[in-house]
Amino acid sequence: MQQASPRVLPSLTSFSFWLSLPQLITWGSVFYTFSLLMTPLEAELGMTRAESSLAFSLALLAEGLMAYLVGRWIDAGRERVVMTLGSVWVGLGLLAHSFVSSKVGFYGTWIWLGLGLAATLYTPAFAVVTRRFPQDFRRAIITLTFLGGLASTVFIPLFAWWMDLWGWRHALWALAALQLLVCAPLHGWLLHGAAHSESHANPASSESKRQPLSVREHLRQSPFWLLALFMVLMMSVTSALPAHMIALLQESGLSPVWVIAIPAAIGVIQVVGRLLLFVFERYWDVHAANRWIPTLIPAGILVLLVGGLNPLASLVFVVLYGLGNGLNTIVKGTAMAQYVSRTHVGQLNGLLGLPIALARAAAPLTLGLLWSPQHGYTLALWWLLVASVLGTAALWTAQNKAQKLRR
């Protein structure tokens with residue numbers, strides 16, 4: 001009997017590109033459309049800004065609670081089932097959202113969506129490409145984030161247009177269709193056979209030459225905990241801002257067109273930054289790049305505070321934040337593999353799911369509570385500045401500790 005020929009797996013560029021399309025759709029249809037849904041839902045359900053922000057926080061908390069299980073399943077080679085069912089789950093959640101008529105239903109829907117996000121956003125996708133391309137995972141992650149980085153650029157104006165045409169309920173039907181008809185089939189097709197991707201690993205790699213430490217042993221070393229602090233603080237900052245970006249820019253006195261256009265441009269700015277990193281990183285020291293990239297976010301927040309929320313300061317803020325957020329995704333996605341362990345990256349990142357979830361869940365709600373009619377978002381911005389500076393310092397310390405441990 002003639003044996004079936006082995007399945008040819010896609011190249012790094014091809015695999016990362018196709019995996020990035022569901023990232024574009026999922027980030028855009030869930031994460032970036034929430035700020036557009038806040039105003040009509042507050043009016044329809046009689047909610048305050050803090051009450052509506054709580055839904056986004058609950059979604060982030062649910063995502064984090066599932067993170068460790070998702071990481072274990074992916075490390076065990078079950079990424080196809082995880083990400084395909086995750087897309088179906090998100091699609092059903094968006095469909096259910098269109099029928100929400102109470103606060104309880106609103107919160108329940110976002111908890112459901114958060115569970116689906118744990119299986120579909122960057123964290124599981126990064127673990128997949130790290131397993132499949134262990135010798136070039138950083139470049140695979142950069143490629144993966146090109147299209148995903150355009151999520152705000154595509155979906156903020158697109159969803160705003162759909163809401164004008166059909167209303168927010170029917171607009172959610174279109175988002176659900178994208179999940180069920182595009183994301184789920186694409187994950188099912190692309191990740192077939194991905195469980196065997198570890199066979200492509202280079203047996204001469206530095207990590208395979210020595211017996212890798214267990215997950216428990218990594219937890220006894222400081223680099224893991226310093227990276228945990230970095231990720232908790234920076235993820236809280238980048239989770240708080242999208243939910244309030246529209247309202248924040250409205251306070252700066254920008255016209256309604258610019259209020260939509262400027263945050264939509266963040267996606268383009270993110271992709272430009274990642275393209276520069278993709279082209280020039282071979283000429284840069286990777287550890288130096290990792291140190292300086294996170295400083296762009298506090299720099300942008302500082303400009304906004306010093307500029308007093310005027311339109312020019314808002315524009316500079318969006319540029320710096322867009323570059324910082326886009327490039328910081330690469331740093332967060334690769335730091336655990338670079339400074340702790342590549343072998344257990346799914347589980348190690350999964351262990352951070354709960355603390356990151358708590359920080360991310362608290363962040364949008366905290367911004368809502370710190371906002372006031374008298375001072376607007378000023379106090380909230382000071383909180384974001386302090387958190388981002390402390391997070392950057394934790395990453396710098398983790399790098400130094402990790403390099404000393406490997407000497």
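Start by selecting Ser57, which lies in helix α3 (residues 49–75); helices here are DSSP runs of H or I with at least four residues, strands are runs of E with at least two, and both are numbered from the N terminus. You are looking at a predicted model, where local features need pLDDT of at least 70, side-chain atom pairs count only at pLDDT 80 or more, and totals for chains, interfaces and linings use all residues. Residues are numbered from 1 along each chain as its sequence is written, and side-chain values use heavy atoms, with hydrogens and water left out.

Is Ser57 buried or exposed? Ser57 counts as buried, because its relative accessibility is 2% and buried means under 20% relative accessible area (exposed is over 50%, partly exposed in between, with a 1.4 Å probe and protein chains only). Now show what surrounds Ser57: leaving aside neighbours within four places in sequence, Ser57 is in contact with Ala361, Ala362, Pro364 and Leu365. Contact means heavy atoms within 4.5 Å.

Next, go to helix α16 (residues 311–339) and pick out Asn328. Asn328 is buried too, with a relative accessible area of 0%. Which residues does Asn328 touch, not counting those up to four places away in sequence? They are Phe230, Met234, Ile293, Pro294 and Ile297.

From there, move to the largest nonpolar core, which has 125 residues. Such a core is a set of buried Ala, Val, Leu, Ile, Met, Phe, Trp, Tyr and Cys residues joined through side-chain atoms within 4.5 Å. Colour helix α12 (residues 222–251), which gives the most to this core, with 19 residues. Then select the residues with the most contacts inside the core: Phe106, Trp110, Phe159, Leu227, Ile301, Phe317 and Met336.

Stay with Ile301 for a moment. Beyond its neighbours within four places in sequence, Ile301 is in contact with Val237, Phe317, Leu381, Leu384, Leu385 and Ser388.

Finally, zoom out to the whole protein chain. Its secondary structure comes to 19 helices and zero strands. Of its 407 residues, 57% count as buried. Along the principal axes, the C-alpha atoms fill a box of roughly 65 × 50 × 35 Å. Among contacts with a separation of 6 or more, residues 24 or more positions apart account for 84%.
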